[in-house]
Amino acid sequence: NFEMDDDDGYLELDEFGNPIGADIVESDDDPTRNDADLDAPSDDDIEADQHDDDPMADPNYVDDSIHTFGGHTDPVYAVAFNPRATDVVATGGGDDRGFVWRVGEDAFMENQGEVFELAGHRDTVTSIQFSSSSTGSGLLATGAMDGTVRVWDGKDRFKQLHVLDGPSESIEWIAWHPRGDIILAGSSDYTAWMWNGQTGEFMATFTGHAGPVSCGGFTPDGRTVVTCGGEGDATLKVWDPRTGGCLTTVEGAHFHETGITCMAIHPNGQTALSGSEAGRIKLASLENGKVLGSLDKHMDGSSVERIVYLPENQGGASQQVASAGMDGNLVVWDLAVFRPRVDCQHPEGITCLLAHPSNHMLVTGALDGVVRCWDSRSGELAVAFRGHVDAVQAMDMSPDGNQILTGGEDCCARVFDLRQPPL
């Protein structure tokens, strides 16, 4: 029931982040009706029903966000900050759509809440990411369960530039090359694909996994591609992006026995950590495929969801990492001795994890809808942000480290400002 502008392709929102133009249905009062004959619910029943239908109507509801976007009609599964315009963000969800919008009152006053809709996908948008190319191309990519990756032109009101076909099943993730407009994507059809984001030209296919390509990316220097296999595969592969050939495969008795769920490549590009469905974390060499060690702390059979290397100013990227799992445990590890330094327990499973770029802060999103900030040195909870009324499913941090963008099962995207902690 939202009015769309076919020429410009955007929605207009009010100051609260809600689309303008929703139809309002007036009640039809019947003067002949005898209300006394009706078994009318009490005021308490009405209030309880309203709280069940809309948890945000509960008088105890707390919202610590500075901006809420309500344009999605289904859960939000992908979010991203623009690395070159920090008040510009993008979101994608189960309603098969993406949106690009701006954060803050200044942006609202400047463009009256203008929102660009990314329409065209035929299934859930699972991934969304801006290019970080030094050319400042302004490109944005979205990946969806319809098996396509779409490229949008940020310099032309985010009009669709290319539809990148190839995979026969859902897109699991997308990643841009660290220095150019090259897009990499992993699919549940056991393959990974690479295209030129500027021209839409197909560049390479990476085949060899025996299960969904659950995670992957470029090494920091952009010279190699690393992918991991999910259920039915449990291998890590290193590829030559110029030829599509496999350089190294990590597998075997000392590696994972169940599907890999997440991966983090060391900043020097020589090693990678991977987490599995069984709660195991393995460190492997990307040069020779040798398994270098294991990190064992997460609960058996409970998947590791995220792994991040801590920036050098947090103790050295080569020595400290953090992992988060569905067991509700956030663990900071010392790779020099393969032992945990601190662990931070959550009441429910953790879905998202970020490391602050310039201080000792780790940020988590969880199934309970709470965004928490932790001191990576002591493991103490620094602050908790509330607002989501269902699980947090996606999270990104602004390049300056000041804001957190989240997407949730409650069909909302929210922005929390780390400089404005809750009272």
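What percentage of the 423 residues of the protein chain count as buried? In this predicted model, 53% of them do, where buried denotes under 20% relative accessible area, exposed over 50% and partly exposed the range in between, computed with a 1.4 Å probe on protein chains only. Residues are numbered from 1 along each chain as its sequence is written. Because the model is predicted, local features require a pLDDT of at least 70 and side-chain atom pairs count only at pLDDT 80 or more, while totals for chains, interfaces and linings use all residues; side-chain values rest on heavy atoms, with hydrogens and water left out.

The secondary structure of the chain amounts to 2 helices and 33 strands, taken as DSSP runs numbered from the N terminus (helices: H or I, at least four residues; strands: E, at least two). Among contacts between residues at least 6 apart in sequence, 46% join residues at least 24 apart, a contact being defined by heavy atoms within 4.5 Å.

Strands E11, E12, E13 and E14 form an open sheet in that order, with antiparallel pairing; two strands are considered paired if DSSP finds at least two bridges between them. E11 and E14 (202-207) are the edge strands, each pairing on one side only. Neighbouring strands of this sheet are turned by 15° against each other on average, direction ignored; the axes are lines fitted to C-alpha atoms, for helices over the stretch in contact, and angles run from 0 to 180 degrees between N-to-C directions. E11 pairs with E12 (residues 182-187) over 5 bridges, and Ile171 has Ser187 in E12 as its bridge partner. A further 5 bridges join E12 to E13, with Ile182 partnered by Asn196. The hairpin of these two strands has 3 residues between them, and Tyr190 takes a positive phi near 80°. E13 is joined to E14 by 5 bridges, including the one that links Met194 to Ala204. In the hairpin of E13 and E14, 5 residues lie between the strands and Gly200 has a positive phi near 80°.

E13 (residues 191-196) is mostly covered, with 6 of its 6 residues buried. In a regular strand, side chains alternate between the two faces of the sheet. Both faces of E13 are covered: Thr191, Trp193 and Trp195 are buried on one side, and Ala192, Met194 and Asn196 on the other.

A second open sheet of 4 strands has the order E19-E20-E21-E22 and antiparallel pairing. Its edge strands, each pairing on one side only, are E19 and E22 (291-295), and neighbouring strands are turned by 20° against each other on average, direction ignored. E19 is joined to E20 (residues 271-276) by 5 bridges; Ala264 is partnered by Leu273, and Cys262 stands opposite Gly275. These strands form a hairpin with 5 residues between them, in whose turn Gly269 has a positive phi of about 75°. E20 is in turn joined to E21 (residues 281-285) by 5 bridges, with Ala284 as the bridge partner of Ala272. In that hairpin, which has 4 residues between the strands, Gly279 takes a positive phi near 90°. Since 6 of the 6 residues of E20 are buried, E20 is largely enclosed by the rest of the structure. Thr271, Leu273 and Gly275 are buried on one side of E20, and Ala272, Ser274 and Ser276 on the other.

The largest pocket has a volume of about 2,200 Å³. Of its 49 lining residues, the closest to the centre are Gln129, Ile174, Arg306, Leu354 and Met395. On a 1 Å grid over the protein atoms alone, a pocket is an open set of points with protein on both sides within 12 Å along at least five of seven lines, whereas a cavity is a set where a 1.4 Å probe fits but cannot get out; lining residues have an atom within 4 Å of a point. Grid points are joined across faces, edges and corners, and the volume is the space filled by probe spheres set on the points. Elements that give two or more residues to the lining include E11 (171-176), E19 (260-265) and E31 (392-397). E11 gives the most, with 6 residues. By class, the lining has 33 nonpolar, 12 polar and 4 charged residues, where Ala, Val, Leu, Ile, Met, Phe, Trp, Tyr, Cys and Pro count as nonpolar, Asp, Glu, Lys and Arg as charged, and the others, Gly among them, as polar.

Gly387 lies in the loop between E30 (381-385) and E31 and, at 1% relative accessibility, counts as buried. The C-alpha atoms of Gly387 and Asp63 are separated by 4.0 Å, although the two residues are 324 apart along the chain. Neighbours within four places in sequence aside, Gly387 is in contact with Tyr61, Val62, Asp63, Asp410 and Arg414.
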